[in-house]
Amino acid sequence: AIVGEGNGWAWDLKFLLSKLVFLVGIGACVWLMTSNRVATIAVMSSAAFIGFFYFRFNHPVYFNLTYAPWIVYGYLNWVRAIDLRQVFKIKNSWIGSVAIVFVASMFSLFGGTPKEGSILFGALHFSGLIGVTIASRKSRVLSRNVIVLFVLWIALALATAPHWLIFLDALSKSSTVYDNSN
């Protein structure tokens, strides 16, 4: 949209590319869970028509949802790596998954509106915590994964601080008609 100098065609292209990134992410998640081409194509093509896209048409929150499947994909990949590590003793297979979660989380927070992005961010990472905790069957594996999760979340908090600090500052200075109880 910036390269197109704010013209309509540039925004249309941005919305289309955003939906494409979302659909490929959904497809990657379904493929990772099922390894079924038919299910992947069916879910991928039907996900383009979820009600959210019609309810929030031409709104910046649209771009927060774009990267949500990629956060889920990173966590699903991490859970799969935990299982592979416990069965086949494969080491460090989780590093790429954590990197995917980190990058997708950054894009998700910076992509759209802060309020909806924060809620989506919290829900996705809470579900990732549940998945990683359940997949970690041994206490040593669980403690290592929880430490990695906290390091990931601290790194995300530090990397995205300029974004959420501005949001918190604006929120503290905002006012509504309900502030005065007359």
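**Entry 1: α6 against α8**

I began with helix α6 (residues 95-111) and helix α8 (residues 139-159), whose axes come within 11 Å and cross at roughly 35 degrees; I am working from a predicted model. I noted the handedness of this crossing of α6 and α8 as right-handed. I then looked up which residues make the contact, and found that Val98, Val101, Phe102, Ser105, Met106 and Phe110 in α6 meet Val148, Leu152, Ala155, Leu156 and Ala159 in α8. Sorted by class, the contact of α6 with α8 has 10 nonpolar residues and 1 polar residue, with no charged residues.

**Entry 2: α7**

Next I checked the length of helix α7 (residues 114-135), where 22 residues at 1.5 Å a residue should span 32 Å, and the end C-alpha atoms are 31 Å apart, which agrees. I listed the buried residues of α7 as Glu116, Gly117, Phe121, Leu124, His125, Gly128, Val132 and Ala135. Looking down the axis of α7, I see that its buried residues fall within an arc of 150 degrees, so they line one face of the helix. On the face of α7 turned away from that buried side I find the exposed residues Ile119, Phe126 and Ile134.

**Entry 3: the whole chain**

Finally I turned to the chain as a whole, which has 9 helices and 0 strands, and which reads along the sequence as α-α-α-α-α-α-α-α-α. Of its 182 residues, 35% count as buried. Taking the contacts in the chain between residues at least 6 apart in sequence, I noted that 72% join residues at least 24 apart.

Notes:
Residues are numbered from 1 along each chain as its sequence is written. This is a predicted model: local features need pLDDT of at least 70, side-chain atom pairs count only at pLDDT 80 or more; totals for chains, interfaces and linings use all residues. Side-chain values use heavy atoms; hydrogens and water are left out. Axes are lines fitted to C-alpha atoms, for helices over the stretch in contact, and angles run from 0 to 180 degrees between N-to-C directions. Helices (H or I, at least four residues) and strands (E, at least two) are DSSP runs, numbered from the N terminus. A crossing is left-handed if the near helix is turned anticlockwise from the far one by less than a right angle, and right-handed if clockwise. Contact means heavy atoms within 4.5 Å. Ala, Val, Leu, Ile, Met, Phe, Trp, Tyr, Cys and Pro count as nonpolar, Asp, Glu, Lys and Arg as charged, and the others, Gly among them, as polar. The expected span of a helix is 1.5 Å times one less than its number of residues. Buried means under 20% relative accessible area, exposed over 50%, partly exposed in between (1.4 Å probe, protein chains only). The arc is that of the directions from the helix axis to the C-beta atoms.
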